[in-house]
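User: I am new to this structure. Please take me through the terms used for it, one by one.

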Amino acid sequence: MSSFDNVDIPTSNSGSLYMSKWEQGPNRIRFLGGITEGYKWFPEDGSKPKHVKTPGDIDTGVKESKYFWMIPIAMNGDVRILTFTQITIMKQMEALKNSEEWGDPIGYDITVTKTGEKMDTNYAVMPHPAKEIEQSVKEKWQEMKNRFKPDLLFTTGTPLESAEEVKQEEDLPF
């Protein structure tokens with residue numbers, strides 16, 4: 001008998017397309033595209049966060065901004081857009097990318113495990129051997145891929161082009 005018999009760990013209830021907070025416990029992800037990096041801050045008026053590409057683009061007077069990564073990912077059978085600011089996770093992912101054994105994380109899953117809360121939060125990053133992505137995830141990513149324009153985040157606040165704009169571009173005769 002295993003110490004894990006009868007253990008039922010709940011899965012994520014978060015069905016949102018956008019993910020900006022790691023959930024407690026394991027978060028298994030697969031990179032579907034490259035990393036977009038930048039800086040973000042929350043305006044004092046409480047409006048949506050602002051995103052810029054370089055520190056020099058940060059508005060004058062902003063007291064606190066954070067470096068971030070945005071990555072299209074597969075998680076729990078869905079496609080999401082992950083944005084996070086935890087440098088400790090970034091450094092661990094970069095170490096995997098730079099290692100001979102693992103390389104580019106587009107080829108394998110990574111689990112980011114979050115434990116603790118607030119100032120006592122810790123993150124562990126663990127790679128998994130390469131395996132094929134689920135067909136349903138491939139199909140979802142194909143549907144979204146043409147609309148995913150990372151640079152739009154810096155101008156419109158969202159990295160997704162509207163479906164109508166994509167349709168209009170497809171209808172152009174040239």
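User: Which residue forms a salt bridge with Asp78, and how far apart are the closest N and O atoms?

Analyst: Lys140 does, with the closest N and O atoms 3.0 Å apart. A salt bridge is a side-chain nitrogen of Lys or Arg within 4 Å of a carboxyl oxygen of Asp or Glu. Lys140 lies in helix α2 (residues 135-145) and Asp78 in strand β6 (residues 78-84), so the pair ties together parts that are 62 residues apart in sequence. Helices (H or I, at least four residues) and strands (E, at least two) are DSSP runs, numbered from the N terminus.

User: What is this model, and how are residues and side chains treated?

Analyst: The model is predicted: local features need pLDDT of at least 70, side-chain atom pairs count only at pLDDT 80 or more, and totals for chains, interfaces and linings use all residues. Residues are numbered from 1 along each chain as its sequence is written, and side-chain values use heavy atoms, with hydrogens and water left out.

User: Why is Lys140 called partly exposed?

Analyst: Its relative accessibility is 33%. Buried means under 20% relative accessible area, exposed over 50%, and partly exposed in between (1.4 Å probe, protein chains only). So Lys140 counts as partly exposed. Asp78, at 29%, is partly exposed too.

User: What makes Arg28 and Asp109 a salt bridge?

Analyst: Their side chains meet at 2.9 Å, N to O. That is within the 4 Å limit, so the name applies. Arg28 sits in strand β2 and Asp109 in strand β7, 81 residues apart.

User: Is Asp109 buried or exposed, and why?

Analyst: Asp109 is buried, because its relative accessibility is 12%. Arg28, at 35%, counts as partly exposed.

User: Which other residue meets Asp109 in a salt bridge?

Analyst: Arg30 does, at 2.7 Å, N to O. Asp109 lies in β7 and Arg30 in β2, so this pair ties together parts 79 residues apart in sequence. Arg30 is buried, as is Asp109. Arg28, Arg30 and Asp109 are linked in a network of salt bridges.

User: How do you know that β2 and β7 pair?

Analyst: Two strands pair if DSSP finds at least two bridges between them. Strand β2 (residues 25-31) and β7 have six, in the antiparallel sense. They therefore count as paired. In β7, Val112 is the bridge partner of Asn27.

User: What makes strand β7 mostly covered?

Analyst: Five of the seven residues in β7 (residues 109-115) are buried.
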